[in-house]
Structures are given as C-alpha cells and as structure tokens.
Amino acid sequence: MKKALSIVLCLLMTAALFGCGMSIGKEVNLRDKLDSLMVTDDALGIKGKYNALSDIADGSIDKDLIGTWKSADGTISYVYNEDGTVKSTSEYGETEVKFTCLTLGEYKVMCDESEMESTDVDGKTTKSTVVSYSTYNVDNDALYFTNVEDTTDENMDSSQHALMIMYRADENGSIDSAVSKNKIALDSFAGTWTSEQGEITIADGTLTLGKDTYDISVNDKGKLVVDKDGASSEYSVNVSVRKQYEGEDKTKFTQTTALGLYFTGADEKDKPNLEAVLEDWGEFQPNYYTGTFDLKQ
C-alpha cells in the first residue's frame, strides 16, 4: 500500500510541475539563440537617433532584468537595479552605468549609457556620452544577449555578434539551479570547423581530430568536456557570427560562423587534449590556450 501511495504521489508531483508551467530543464541551442537576437541598428530604426538615455522618452526598466546575474564560471556578474543602474563586476574591476529598455517590434533592446574619455595626439582630453545597444531575451532564469550591430559606421570594415549568457542568482547568490535548467545542447557545436592550426568535426556526441575521436559532453558549468582514453579537458566555449565588409560598400559582406574554445589549465603542467589545434598563450597568461574555428560551408 505504501509503495502504491508513493507512486501516486510521484505522478501527482510530476503532473503539478508540468501543469504549473515549471521547467525542470531544457537544452539550449546557442546558434539558434544567436540567430534570433541578431539585428542591425538600421533595421531597428535607432541609428543616430539616441545620443543619451534622456532622448529615449519611451524607455522603461524591464522587471525581468532586476536582480543578480552571473556567468556560468562566476567570473562576471551584473546587478540590475530598479533605479535604472546596472553594476558589472569582473577581473577588471567594477563599473556602474545607467540603462533603460525598449521594445522594438519583436526585439527587446537594452540601452546602456556610459561616459568615455579619449586623448588625441596633442594630449587634449575629450569626454563624451556613449549609448550602446544589446538585444536580449530572459528565459527560464537565463539572460541571453548580443550587441546590436552598426553596419553603416564609415570607419568599420567588420563587426561581430557574440552571444553572452548570464544566469539568475538566487537569494544565496547561487546560480546552480538556473544553470541546470538551461543545459547547452551539443547541437550548438555541430559541424566541421577549420582554423590555421587544423580542423575538427563535431557530431553525435563526438569530436574528430585527424584520426582521433573524442567523446564530448557539456557539464553543469556550461563547459565542453572532451574525453579520450581516460584523459579529460574542459573548455569554455562560445559561438559568434562575424561579418567582413567589402571596402566602403556596407551592403556587401561575407558572413562566418565561429566557434571559440578556451582552456585554462589547473597548473603549469596541465595541457589540453586538443593542444594540436590550439594556440598557447602562456607568454601572456600561464596555462591558457585558445582556438577560433570557422564553420566549414
């Protein structure tokens, strides 16, 4: 009788979770997320329109953003406040800027205002206000955003969209629950990727490098885990899209999907198992390796 009652309770709890719309975890395809957020400032109609947040009469503070957000590895955090300020903390220090939000068609746009200081060749210092834009989406305690691309800057011959992910921290400052509900799908990295160092192919839970095949998975910190013969390496990963323009014609460009792999060893003897296709940055940062690969068409 007790066994039967336990089974009934389990079924009721499962039904309650789904019935109340609570998510118990899903896989997120980074390339799909990036594609859904990519847009130009021309397309949004904001090119040259706003020089300061005070120009944005219809801006508001999105309640979904309020709170503390952290990257999966804990190296970056953002605290969005109801007073329209956001405080960012990273290894480079702390910065606080003002923000507001717009809804433009299907896009939510985060507008950040910061003060920039520049010095010319004559030593003259100029201060200016800069408003930057990001399209964003809050989903299942995860925040996804990418820069809004300016395709008409006469001084720019290339640009890049890169997806950034932050996870909502609970009252204890932990993001474990948010990360577990938003596992990165291996399909995000599927395909054949090339670089000057070599070529890798990712498909069906494996990574192929030359004649070697590795097992791959994504851990609870959003890192790509690569295993072979008992040896395991963890890589931070991102997916981005680069556009390279043809001279001054900003309507003609080539577009490339890129995969970034980043390895930071535990000590000086720790080497990545994909070392053959990564650059050793030990001269600048000990035990650090990086690789940028373009998706082969």
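Select K243 and E149: K243 is buried, and E149 is buried as well. Here buried means under 20% relative accessible area, exposed means over 50%, and partly exposed is in between (1.4 Å probe, protein chains only). The two residues form a salt bridge whose closest N and O atoms are 3.5 Å apart. A salt bridge is taken as a side-chain nitrogen of Lys or Arg within 4 Å of a carboxyl oxygen of Asp or Glu. This pair links distant parts of the chain, with K243 in strand β17 and E149 in the loop between β8 and β9 (158–162), 94 residues apart. Helices (H or I, at least four residues) and strands (E, at least two) are DSSP runs, numbered from the N terminus.

This is a predicted model, in which local features need pLDDT of at least 70 and side-chain atom pairs count only at pLDDT 80 or more, while totals for chains, interfaces and linings use all residues. Residues are numbered from 1 along each chain as its sequence is written, and side-chain values use heavy atoms, with hydrogens and water left out.

How many salt bridges does the rule give? The count comes to 11. Select E199 and K296 next: their closest N and O atoms are 3.3 Å apart, and they form a salt bridge. E199 lies in strand β13 and K296 in the segment after β20 (288–295), so this pair ties together parts that are 97 residues apart in sequence. E199 counts as partly exposed, at 34% relative accessibility.

Then select D62, D64 and K108, which are linked in a network of salt bridges.

**D141 and R168**

Move to R168, which forms a salt bridge with D141, the closest N and O atoms being 3.3 Å apart. Because R168 lies in strand β10 (residues 164–168) and D141 in the loop between β7 and β8, the pair ties together parts that are 27 residues apart in sequence. R168 is partly exposed, with a relative accessible area of 23%, and D141 is partly exposed at 26%.

Stay on D141 and look at the backbone. The loop that holds D141 runs between β7 (125–139) and β8 (142–147). D141 is not a glycine, yet its phi is positive, about 65°. Most residues other than glycine have a negative phi.

Where else can a positive phi be found in a residue other than glycine? Select D229, with phi near 50°. D229 sits in the loop between β16 (224–228) and β17 (231–246). D229 is exposed, its relative accessible area being 74%.

**Aromatic rings**

Select the rings of Y80 and F99. Their centres are 5.1 Å apart and their planes are at 80°, so the pair is edge-to-face. Rings of Phe, Tyr and Trp (its six-membered ring) pair if their centres lie within 6.5 Å; planes under 30 degrees apart count as stacked, over 60 as edge-to-face and the rest as tilted. Y80 belongs to strand β3 (residues 77–80) and F99 to strand β5 (residues 93–104), so that the pair links distant parts of the chain, 19 residues apart. Are these two residues buried or exposed? Y80 counts as buried at 4% relative accessibility, and F99 is buried at 3%.

A search of the whole structure finds 7 aromatic pairs.

**Contacts across the sequence**

Select Y50, in the loop between α3 (41–44) and β2 (67–70). Y50 is buried, with a relative accessible area of 10%.

Next, go to M164 in strand β10. M164 is partly exposed, with a relative accessible area of 24%. The C-alpha atom of M164 is separated by 8.6 Å from that of S71, 93 residues apart along the chain.

**The last stop**

Finish with D204, in the loop between β13 (198–203) and β14 (206–209). D204 is exposed, at a relative accessible area of 81%.
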